[in-house]
Amino acid sequence: MQFLAPMTVDEALGALSEREDGLRVLAGGTDVMIQRMTGQLPRSESLLYIGGITDLSGVHLSDGTICIGALTTHHDLRCNPVIGTDLPSFAEAAATVGGWQTQAVGTIGGNLCNASPAADLAPPLLAADATLVVSGEDGPQRIPANRFFLGRRRTALPVGQILLKIEVPVPPAATWESYLKVGRRSAMEVALVGLAARFSLAGGLVETARLAVCSVAPVPLRLAHAEAALVGSTLDQGAVAIAAQRSMEEIDPIDDQRATASYRRMLVGRLLGKAARLAREGLEIQ
Amino acid sequence: MTAVGPDTPRSDADAKVRGLANYGVDYREAGMLHARLLRSPVAAGRVTRLDVSTARSVPGVHAVVTAEQAPEHRNGLVLFDTPFFASDTVLYEGEPIAMVVADTPRQAQSAVDTIGLEIEEWEPISNVTEALAPDARLLHPDLDSYQILPGASSWPKSGNCGGVLTSDPGGVDEAFETADFIVEDTFTVPRQYQAYLEPKSATASYDGWRWTLHVSHQFPFQVRSRVAQALGVTDSRIRVVGHHMGGGFGARLDLGLEQYAAIGASLTGRTVQLVNDRTEDLISTMSRENATIKVRSGVTKEGRIVAREFECLMDGGAYAGDTVYLTSIPMFMVGSVYRVGPTRVTAKSVYTNTAPSGAFRGVSGTYICFALERHTDRLAEAIGMDRREFRLRNLFESGDSMLNGQTLEDADILREAFDRVEEVAPWSEAGKGSLKGVGLAATIWLTNPLAGSATLSIQQDGSLGVSTAATENGSGAVTMGVRQIAAAQFGLAAEQVFVTAPDTDTQGYDAGSQGSRTTHVVGMAVQAAAKQLKPRLFNIASGLLGALPDDLELSGGSVCVRDDPSRTVSLATVARTAFGLGGPLSATGAYNVPLPKWDPDSAEGLLFPVFPVPTYHVHLAEVEVDPDDGAVRVTRYVVAQEVGRMINPDGVYGQIQGGVAQGMGYALWEGLETKDGRYTRRTLESYGLPLAVDVPDVEIIILEHPCEAGPYGAKGAAEPPIVPVAAVIANAVSDATGANITSLPIDPEEVLLAIDKRREG
Ligand SMILES: Cc1cc2nc3c(=O)[nH]c(=O)nc-3n(C[C@H](O)[C@H](O)[C@H](O)COP(=O)(O)OP(=O)(O)OC[C@H]3O[C@@H](n4cnc5c(N)ncnc54)[C@H](O)[C@@H]3O)c2cc1C
């Protein structure tokens with residue numbers, strides 16, 4: 001087993017192209033190390049530690065686009081003023097990842113590339129219609145968020161490539177967004193359900209509604225039918241009830257040691273109701 | 001000045017905070033070997049092949065041990081039902097089948113992985129209902145032939161029941177006839193894992209005749225006799241040395257891995273260490289037993305409980321452990337605290353194909369209190385009476401007797417505890433508002449009476465050494481309690497006293513850290529030793545000072561003449577003089593709590609007959625329930641606890657805060673459920689321990705009623721704060737939502753459904 005620690009993206013890609021077999025990208029290691037310990041990943045696998053590539057971390061705003069480096073930690077997302085102002089659902093989601101220790105080292109890139117059905121940053125990513133920028137064969141390539149998650153621990157990231165950053169357009173004015181997560185305790189919890197909601201208003205009515213959930217299907221997903229029920233509404237009770245009903249039909253939750261499928265179903269509908277309630281307050285909808 | 005009281009820091013704090021303290025898992029010896037166990041991967045079955053030939057030839061392997069090399073006889077705490085290694089049959093997932101000893105843990109594990117094991121799997125008997133079915137497979141077909149602990153009186157057992165307690169004083173059915181309402185409830189609770197930070201370990205060496213074990217264990221003398229019993233040798237051939245302990249909570253009272261390290265040492269002639277990994281620890285530790293509890297009571301319109309029936313089925317797992325003793329616990333709870341009229345009790349310890357269960361802080365009491373106090377709320381509801389008023393109406397008074405016939409001389413303290421809680425959290429104002437609620441519960445608890453001893457010796461520098469096999473489980477009982485009591489006896493500051501680690505070769509017997517006994521019992525032993533030591537000390541000082549021994553007193557590390565404080569001699573000088581006069585200044589004292597009277601005919605199978613030095617407890621909790629996800633937030637928690645006298649307030653407060661946190665875990669998040677005899681939550685990641693962010697600061701009211709026969713009046717304090725927690729929280733959640741909580745941990749889905757139902761209804 002080898003441990004490689006490149007200092008630039010090119011070095012990293014060079015190492016990857018030389019040995020496509022068993023070279024595992026390592027960022028914060030909060031998923032990788034546990035998967036090695038529990039035998040989900042072979043211990044013989046060599047590690048490519050990208051944490052030293054400074055270009056890949058941090059949040060930048062330019063030309064109406066917010067760029068989040070793949071190595072940005074949950075702690076930094078939680079505390080970053082641009083994220084706090086323009087993409088609060090990312091900050092809220094990051095603040096729910098494990099505990100402070102996890103947030104100090106765990107990265108957004110690791111969270112998305114690990115592609116757990118419960119990844120907390122996935123719903124905000126989907127609801128923001130973000131774009132993932134990956135290293136590509138001949139220069140960076142863009143993958144839309146809704147095409148990134150293919151299955152449990154499976155993504156559209158081609159073998160031998162790395163995720164560089166995430167791009168999110170600055171949301172229009174009169175937009176409200178939030179991430180609501182349910183776990184049994186207030187921290188250190190894999191989401192039983194996580195819901196990101198984003199509503200933009202035009203003329204007092206919802207112009208765009210975006211809802212995305214984790215932990216209720218093999219992949220994090222958008223709730224397109226529920227969204228449609230809210231477009232053109234004032235997030236009034238009637239529309240929300242229809243959306244909640246549809247949301248429960250769009251998901252495919254399972255029973256596991258953490259919660260029953262029926263509870264998860266109830267939660268999605270209720271979280272949607274809660275999001276609508278909070279959005280009406282936040283957007284001052286009368 | 002006295003060392004008893006506030007602001008005395010514990011002596012182990014600095015080393016623990018800085019990482020300098022050495023725990024059992026840290027212990028090392030030169031040339032030490034490492035062992036790993038092969039544990040059964042299934043809950044039940046017949047072993048059809050066990051081939052260790054490859055394992056023996058794995059590089060670095062020194063020994064492979066199976067039932068063939070181990071003693072054939074069965075061992076146990078009170079019922080000898082446990083084989084050293086499973087051989088023909090396996091009875092629970094995690095049961096040890098073989099052990100490999102190798103140069104490194106990794107080599108040992110690799111060799112374990114090569115062992116050819118085939119098991120013809122049986123459908124596991126995974127719960128008490130299946131175990132008690134008339135045609136159930138017997139886990140122990142030879143139960144009748146098993147030996148029991150010499151000196152223990154026999155008790156009823158049969159089929160898949162390792163122990164049955166029954167109490168039927170007569171008149172119960174007639175009393176039910178006088179009731180206006182009869183309420184019956186059934187409760188179920190899961191297992192709770194002690195989840196100490198330091199996993200279990202043992203290190204053993206062998207010199208051709210005697211074994212030395214290095215452990216972090218709550219009860220070194222128990223390790224000594226249990227290892228001796230398992231190996232089939234006499235006790236004195238075993239020496240047990242204790243180290244810092246990373247928590248125990250009852251899980252380190254019986255054997256863990258010690259017997260395996262010991263046999264590894266004698267077979268290889270080398271020191272052998274064995275350490276559990278976390279999942280191994282979680283699945284094999286004797287966790288708090290899961291149970292099903294039925295309570296039925298008759299109550300009058302006026303609010304008197306007139307009759308009761310109580311049945312408790314405790315899942316003891318594949319081997320009885322101490323659940324046979326625990327069947328006695330209902331005798332101290334079902335008809336205590338409240339007067340309940342004639343009462344019939346049945347409690348069974350049942351064998352199932354699950355890991356053996358056993359002692360956990362507040363043994364069985366946590367769920368018995370949960371069942372009883374939920375039931376108390378339900379009785380009040382049935383007659384439309386305020387829940388607090390109903391409790392006060394039936395409350396025990398001094399002189400009332402429990403079901404075992406033991407009289408509670410000071411039960412009036414209960415009333416005081418209710419009153420003091422009322423002062424800080426008035427019932428009429430508590431838990432008001434939408435989806436808010438309040439719960440109340442009360443209990444008594446014991447101070448474990450078993451014997452302890454301590455040897456005091458004045459050192460040549462004038463400090464005091466306390467040598468005792470009492471163990472510091474983390475509570476501060478030794479590093480604060482015993483140390484402060486010893487200091488106070490000699491007018492010293494606690495800093496001038498050190499307490500040794502346990503060593504069964506050099507110290508007198510001590511019954512371990514259990515049942516809040518250490519401060520009380522060992523504190524009394526220290527006082528007994530001091531009583532012998534002081535006259536000798538004064539005799540020598542009297543020669544040095546030219547004064548009569550009776551005219552001397554101890555103060556600030558010196559002996560002085562009472563009426564002429566300018567005439568003093570330091571303890572150091574006295575100690576050095578004593579050395580020259582034929583021996584050190586030391587004395588040994590011992591103590592055990594005299595047992596209160598009880599009625600031996602009150603029950604059959606009463607192996608644990610009394611609740612000595614009882615203490616009294618009332619808890620109140622306010623909760624708020626989230627309307628969207630059903631999650632319970634405990635917004636306020638009040639404890640009124642009677643402790644006799646506080647030796648160290650920080651210690652008492654810490655134990656109460658910690659007990660409430662642990663009880664909250666039990667009430668809201670923890671729990672080992674089994675599926676096909678296997679635990680479903682197998683790591684701390686999924687287990688759900690309480691987190692600091694979810695536990696409120698507990699408001700603590702201490703009631704002090706100094707105990708005449710207690711060191712400076714102290715009674716036990718550390719174990720009981722966990723007991724009423726699930727009960728109060730469940731009562732508060734029921735109050736907030738209308739959900740009739742009958743199982744733990746409280747299920748948010750059930751809570752949400754109850755909220756919906758209340759809204760619709
Ligand atoms: C105690 C604990 C609690 C946790 N709680 C939560 C929680 O509440 N919610 C949650 O969602 N997760 C949780 N996690 C999981 C984990 O912390 C997060 O998913 C975290 O964001 C992973 O980031 P990382 O940098 O540590 O990833 P790593 O472990 O380093 O990597 C994860 C995966 O992504 C790949 N990878 C990482 N970066 C890149 C890149 N730039 N390009 C290509 N591939 C890459 C790795 O090869 C690996 O497959 C928890 C983990 C722990 C240990």
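The legends below describe close-up views of a predicted model. Residues are numbered from 1 along each chain as its sequence is written, and chains are lettered from A and ligands numbered from 1 in the order in which they are written. Because the model is predicted, local features need pLDDT of at least 70 and side-chain atom pairs count only at pLDDT 80 or more, while totals for chains, interfaces and linings use all residues.

**View 1. Chain B as a whole.** Chain B holds 19 helices and 28 strands; helices (H or I, at least four residues) and strands (E, at least two) are DSSP runs, numbered from the N terminus. Its radius of gyration is 27 Å, close to the 27 Å that the globule rule gives for 761 residues, so chain B is as compact as a globular protein of that length. The radius is taken over C-alpha atoms, and the rule is 2.2 Å times the number of residues to the power 0.38. Along the principal axes, the C-alpha atoms of chain B fill a box of roughly 85 × 75 × 50 Å. Of the 761 residues in chain B, 58% are buried. A residue is buried if 20 or more other C-beta atoms lie within 10 Å of its own, exposed if 12 or fewer, and partly exposed in between, with C-beta atoms placed from the backbone. Among contacts in chain B with a separation of 6 or more, 81% are between residues 24 or more positions apart; two residues are in contact if their C-beta atoms, placed from the backbone, lie within 7 Å.

**View 2. The contact between chains A and B.** Twelve residues of chain B meet 15 residues of chain A. The chain B side divides into four nonpolar, three polar and five charged residues. Here Ala, Val, Leu, Ile, Met, Phe, Trp, Tyr, Cys and Pro count as nonpolar, Asp, Glu, Lys and Arg as charged, and the others, Gly among them, as polar.

**View 3. Strand E5 of chain B and its partners.** Strand E5 (residues 96-102) of chain B has seven of its seven residues buried, so it is largely enclosed by the rest of the structure. Six bridges join E5(B) to strand E1 (residues 33-39) of chain B in the antiparallel sense; two strands pair if DSSP finds at least two bridges between them. In this pairing Arg36(B) has Val100(B) of E5(B) as its bridge partner. Strand E3 (residues 61-66) of chain B also pairs antiparallel with E5(B), over five bridges, and Val61(B) stands opposite Ala102(B).

**View 4. An open sheet in chain A.** Four strands of chain A form an open antiparallel sheet in the order E11-E12-E13-E14. Strands E11 (175-182) and E14 (221-222) of chain A stand at the edges with a single partner strand each, so one side of each has no neighbour in the sheet. E11(A) is joined to strand E12 (residues 193-202) of chain A by eight bridges, and the two run antiparallel. Leu180(A) has Leu195(A) in E12(A) as its bridge partner. Helix H11 (residues 261-282) of chain A packs on the sheet, touching E11, E12 and strand E13 (205-214). The direction of H11(A) makes about 35° with that of E12(A); axes are lines fitted to C-alpha atoms, for helices over the stretch in contact, and angles run from 0 to 180 degrees between N-to-C directions.

**View 5. The shell around the ligand.** Of the 32 residues around the ligand, Gly28(A), Gly98(A), Gly106(A), Gly110(A) and Asn111(A) come nearest; a residue is near a molecule if its C-beta atom, placed from the backbone, lies within 6 Å of it. Strand E2 (23-26), helix H2 (32-37) and helix H7 (108-114) of chain A each give two or more residues to the shell. H7(A) provides the largest share, five residues. The shell divides into 16 nonpolar, twelve polar and four charged residues.

**View 6. Ile166 of chain A.** Ile166(A) lies in strand E10 (residues 163-169) of chain A and is buried, with 25 other C-beta atoms within 10 Å. Not counting residues up to four places away in sequence, Ile166(A) touches Ile68(A), Ile108(A), Leu125(A), Ala130(A) and Leu132(A).

**View 7. Backbone details in loops.** Asp63(A), which is not a glycine, has a positive phi of about 50°. Asp63(A) sits in the loop between strand E4 (59-62) and strand E5 (65-69) of chain A and counts as exposed, with 7 C-beta neighbours inside 10 Å. In chain B, a cis peptide bond with omega of about -10° joins Leu744(B) and Pro745(B). Pro745(B) belongs to the loop between helix H18 (725-737) and helix H19 (748-760) of chain B.
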